[in-house]
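Q: I have a structure open and would like to learn how to read its features. Where should I start?

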Amino acid sequence: MTASTVAVIGALIFGWAVLSGALARRNVTGPLVFAAAGYLLCNPDWGPVPVDIETASIHVVAEAALALVLFSDAARVNLRELRSDIGLPVRLLGIGLPLSVILGGVLAAALLLDLPWALAGFLGAALAPTDAALSVQVINDKRIPMRIRRGLNVESGLNDGIATPIVTVMLAIAASQLGIVSESPSYEAGFALRDLVVGAAVGAAIGIGGAATIAFAARRGWTASAGRRLAALALAFSAYTVAIAIDGNGFIAAFVAGIAFGATLADEVTELDRAEELPELGGELLALVVWFLFGAALLPAAFSLLDVRIAAYALLSLTVVRMIPVFLCTIRSGLDRPTTMFIAWFGPRGLASVVFALLAFEMLGENSTATNKAVAALTFTVLLSIVLHGFTAGPGGRRYVQLEAEAHPSDAAPRARSLRFIRGAEREGGAAA
């Protein structure tokens with residue numbers, strides 16, 4: 001990235017930080033703002049700010065952002081609290097996610113002709129993870145039952161890490177099918193699986209060892225609060241970079257390190273509970289940069305390849321590929337129809353899918369028609385998700401509360417009081433702003 005690109009991104013981040021509250025009340029999300037800005041300012045046909053997708057810094061920023069997000073999301077999962085509501089996340093991750101990967105891959109093979117089966121599988125896996133950041137209003141809406149919000153939050157926090165091994169293996173096989181490497185597909189898949197095992201081992205060791213060290217130092221008063229947060233940030237980067245240095249999977253290392261880190265600190269004092277705050281903020285900052293680069297580098301290429309099949313795949317990916325697995329995995333779960341529909345719709349695609357697209361270019365190159373078509377379908381799906389899920393998060397949450405009140409009249413009075421209270425708070429907040 002050039003100095004002018006960095007300057008533009010810095011100005012956009014400042015502007016977003018100042019206006020984020022006002023924009024959020026109008027259902028305008030950060031990913032939407034930064035993707036639109038990247039597309040308008042860096043478009044190769046008219047944009048004044050040049051961006052080259054092959055630039056190494058773009059891949060570094062995107063991968064660092066995902067590593068931080070994986071670490072912080074995994075570290076935030078409170079395993080103790082999750083035990084009481086474990087059923088819904090287990091259904092979504094253990095049944096719904098694999099079904100989404102399979103259905104998305106089969107649909108890609110059927111609609112996007114000339115795709116090798118491994119590349120179709122990659123597309124299904126890359127678009128299976130959800131991103132709660134695109135519907136944060138839903139996650140933070142206290143009118144929605146905690147069980148549902150926690151289930152969606154845990155799903156989005158863990159499915160990136162679960163999908164990463166599938167993405168890695170599918171890309172390794174696709175490389176062989178496209179003739180990019182000389183080894184057999186089985187060898188490439190085996191090599192990718194070795195990377196995953198190494199990454200998991202590195203992540204577990206760094207997460208447990210780092211958390212134990214932080215707790216030990218904190219009990220003796222050696223570490224300040226800011227120091228603990230800085231140490232957590234260093235652990236997230238260390239897990240990723242150490243795994244890469246010894247030919248392991250850095251994303252899996254960051255994900256496993258976050259789980260191990262959070263679990264190890266679970267019994268420590270309260271002031272340690274937010275040690276992952278700095279990695280979380282760092283991930284959010286880098287994510288905004290990635291969304292700008294998404295609009296600058298991926299959107300123009302996707303629009304140049306857009307056709308009816310790609311558009312149809314994007315729409316079906318956001319609806320059928322998400323909804324059917326959710327309906328199937330919630331059978332006999334005790335959830336009513338409005339709740340099931342609500343969960344089925346709010347499965348936005350986000351940062352992980354963008355990073356997987358860049359990873360596909362890194363491993364497969366940009367000279368393959370099949371690769372370009374797959375990445376274009378992925379990019380357009382994410383774009384639709386940014387727009388549709390971003391603008392429907394707030395209204396969708398309000399509509400769900402209304403439907404639940406109608407379905408359960410005995411709870412109508414408490415829900416109405418809660419609704420009036422929150423609307424009053426929103427009005428007071430708007431006046432204060």
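A: Start with disulfides: a disulfide is a pair of cysteine sulfur atoms within 2.5 Å. This is a predicted model, in which local features need pLDDT of at least 70, side-chain atom pairs count only at pLDDT 80 or more, and totals for chains, interfaces and linings use all residues. Residues are numbered from 1 along each chain as its sequence is written, and side-chain values use heavy atoms, with hydrogens and water left out.

Q: How many disulfides does the structure hold?
A: The structure holds zero disulfides.

Q: Is cysteine 42 buried or exposed?
A: Buried means under 20% relative accessible area, exposed over 50%, and partly exposed in between (1.4 Å probe, protein chains only). Cysteine 42 has a relative accessible area of 4%, so it is buried. Cysteine 329 is also buried, at 1%.

Q: Where is threonine 5 placed?
A: Helices (H or I, at least four residues) are DSSP runs, numbered from the N terminus. Threonine 5 lies in helix 1 (residues 3-25) and is buried, with a relative accessible area of 0%.

Q: Which residues is threonine 5 in contact with, leaving aside its neighbours within four places in sequence?
A: Contact means heavy atoms within 4.5 Å. On that basis threonine 5 is in contact with Val49, Pro50, Val51 and Phe292. The C-alpha atoms of threonine 5 and leucine 293 are separated by 9.8 Å, although these residues are 288 apart along the chain.

Q: Which residues of helix 15 are buried?
A: In helix 15 (residues 337-345), they are Thr339, Thr340, Phe342, Ile343, Ala344 and Trp345. These buried residues pack against several helices, including helix 5 (87-111) and helix 17 (369-407).

Note on methods:
Helices (H or I, at least four residues) and strands (E, at least two) are DSSP runs, numbered from the N terminus.
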